[in-house]
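Welcome to this guided tour. Open your viewer, get ready to select residues by number, and follow along stop by stop.

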Amino acid sequence: GPYRRGLWIDGRWGTDADRESYEASWDKHYAAANEAARQGRDIAVADATDREGPWTGLFDYWTSIATAVDPDQVSVMDSFHYDDTEENWPLRDGFGALIGRFGADQQAVLNAAVERIDWGGPEVRLHTKKGTIRARRALVTVSTGVLGAGDIRFDPALPAAKLAAIEGLPLGTHNRIGLAFDRDCFGSDAPKGVAMISEGEETIAFGIRPFDQNYAVAYTGGRFAVWLERAGVAAAVDLARERLGKMFGSDVPKHVTRHIVTAWHGDPWIRGSYSAALPGQGHQRAELARPLEDRLFFGGEATSIDSHATAHGAYKSGIRAAREVAASLGRALPASLDIAAASVA
C-alpha cells in the first residue's frame, strides 16, 4: 500500500536520499533478473543481479520474504512469470479467517490424513486413517513439501517427470514474529513498515501497528528463517524485542504483553511456507500441474505459473483443476466459477 516506509541503517534513520537510492537499486536488480529470464537463462536470482552494491543485502532479504528462499536458491523464471498485482491486503481478523469463512459451506473431514493413493485401476482409492475412499478422480493439493517427503505413497509410483517437478519446486520458509504491547510504543510519526540494516546482523523488517493496533510483526525468510525457527520461540521473540528496542527505544521491549511466532518449516502437514523453483527448474510448475491419465489431478500454489506463493494462486489453480476434472468426465463447469476465479485475479 501507499503507507510510509522507513529504513534503519547502522543506528540511524534513513533519509529520503537513502530511500531513493534503494528504490533505484531495487529496480535495477529486478530488471536484471527479468532480462536473464527473457534471454531464456534459467539461472538463480543471485547470479543475475549485482552482488556488490550497498543495497544488495536488502534486496536479498526481500527476495527471501517474497520467495521464502535466498536468491541463490530461486530461478529468475519465478519472478519473471509472476503476475504482481501490487495488492497485498492485510486483514484485521487474519487471512485464515477469510479462508475459513469462504469455505464454511463446504463439507470437510478432518483428522483423516491420506497415507496411500492407489490409482492404477478403474477407480482411485485413497487410504486414510478413517478408512478408504473410492472415487473416479482425485485432486491432489498437498504441498510439494509433503509430496517430496513421501508422506503419501502412490501406487503405482508417480512417474519420473512428476517426481522431478516435485523435487524442482521445494518449499521455502517465511515466518513471522508477532508482538503485542500494552500501549502505543511507537508514536504517530512511526513508519508503518521499516527495514533494519545493521552491519554484521541479519536484515529484518517489521510492520508497525497495523490497523492502528498496538502490535508489531517481524518477517523472516530463507535460511535465516529456518535457523531461527530451530532456535526456538524464545530466540525469535528476543530477536524482535531487541531490534525494536534499538530503533524505537529501550523501553519498548518492556511493554510486550504477548507474542505469536509461526513455524512453517517444522509443520508436518505442510513442511514449509510456499514453493520456489530451483535454478534450472523454472518449467516445472506446468509439469506439476499436468494430470496423470485423466485420473490424478494436481492443484495448489506450486502449480500456478503466475500466482505461486499466494492464496489466490492456490484458489485459481483449484478452478483450473476442476475444469480439467469436469472435462475428463465429459462435463462443463458452471460459468459462476469462472466469474469467481476472475474476481480474485
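Which residues form a nonpolar patch on the surface? Select Leu91, Phe95, Leu98 and Ile99: together these four have about 350 Å² of accessible area. Patches are made of residues with over 30% relative accessible area and no salt bridge, where like charges are joined within 9 Å and nonpolar side chains (Val, Leu, Ile, Met, Phe, Trp, Tyr) within 5 Å. Accessible areas come from the Shrake-Rupley method with a 1.4 Å probe, and for residues only the protein chains shown count as cover.

Before you move on, please note that this is a predicted model, in which local features need pLDDT of at least 70 and side-chain atom pairs count only at pLDDT 80 or more, while totals for chains, interfaces and linings use all residues. Residues are numbered from 1 along each chain as its sequence is written, and side-chain values use heavy atoms, with hydrogens and water left out.

**Stop 1**

Zoom in on Phe95, which has its place in helix H5 (residues 95-102). Helices (H or I, at least four residues) and strands (E, at least two) are DSSP runs, numbered from the N terminus. Phe95 counts as partly exposed because its relative accessibility is 41%. The cut-offs are these: buried means under 20% relative accessible area, exposed means over 50%, and partly exposed is in between (1.4 Å probe, protein chains only).

Now select Asn34 in helix H1 (residues 16-38). Is Asn34 buried or exposed? With 9% relative accessibility, Asn34 counts as buried. Show Ser79 and Phe80 too: Asn34 is in contact with both, leaving aside its neighbours within four places in sequence. Contact means heavy atoms within 4.5 Å.

**Stop 1: the open sheet**

Switch to a cartoon view and find the open sheet of 7 strands, with mixed pairing and the order E2-E1-E9-E10-E11-E8-E12. Strand E2 (12-13) and strand E12 (256-261) stand at the edges; each has a single partner strand, so one side of each is left without a neighbour in the sheet. Two strands pair if DSSP finds at least two bridges between them. Strands of a sheet pair through backbone hydrogen bonds, either parallel or antiparallel.

Next, colour strand E10 (residues 204-208) and its partner E11, which pair in the antiparallel sense over 4 bridges. Pick Phe206 and you can look across to its bridge partner in E11, Ala218.

**Stop 2: helix H8**

Select residues 222-231, helix H8, whose buried residues are Gly222, Phe224, Ala225, Val226, Leu228 and Glu229. What covers these buried residues includes helix H3 (56-67), strand E8 (174-181), strand E11 (215-221) and helix H9 (233-248). Just after H8, look at Gly232, which takes a positive phi of about 110 degrees.

**Stop 3: charged pairs**

How many salt bridges does a search of the whole structure find? The search finds 23. A salt bridge is a side-chain nitrogen of Lys or Arg within 4 Å of a carboxyl oxygen of Asp or Glu.

Show the side chains of Asp72 and Arg223, which meet in a salt bridge (2.8 Å, N to O). Asp72 lies in the loop between H3 and helix H4 (76-81) and Arg223 in helix H8, so the pair ties together parts that are 151 residues apart in sequence. Another pair to display is Arg51 with Asp60, whose closest N and O atoms are 2.8 Å apart. Here Arg51 is partly exposed, at 34% relative accessible area, whereas Asp60 counts as buried, at 17%. For a group, select Glu201, Glu242, Arg243 and Lys246, which are linked in a network of salt bridges.

**Stop 4: strand E4 and its partners**

Finish with E4, where 4 of the 5 residues are buried, so E4 is largely enclosed by the rest of the structure. A hairpin joins E3 to E4 through 5 residues, and E3 and E4 pair in the antiparallel sense over 4 bridges. E4 and E5 run antiparallel, joined by 5 bridges.
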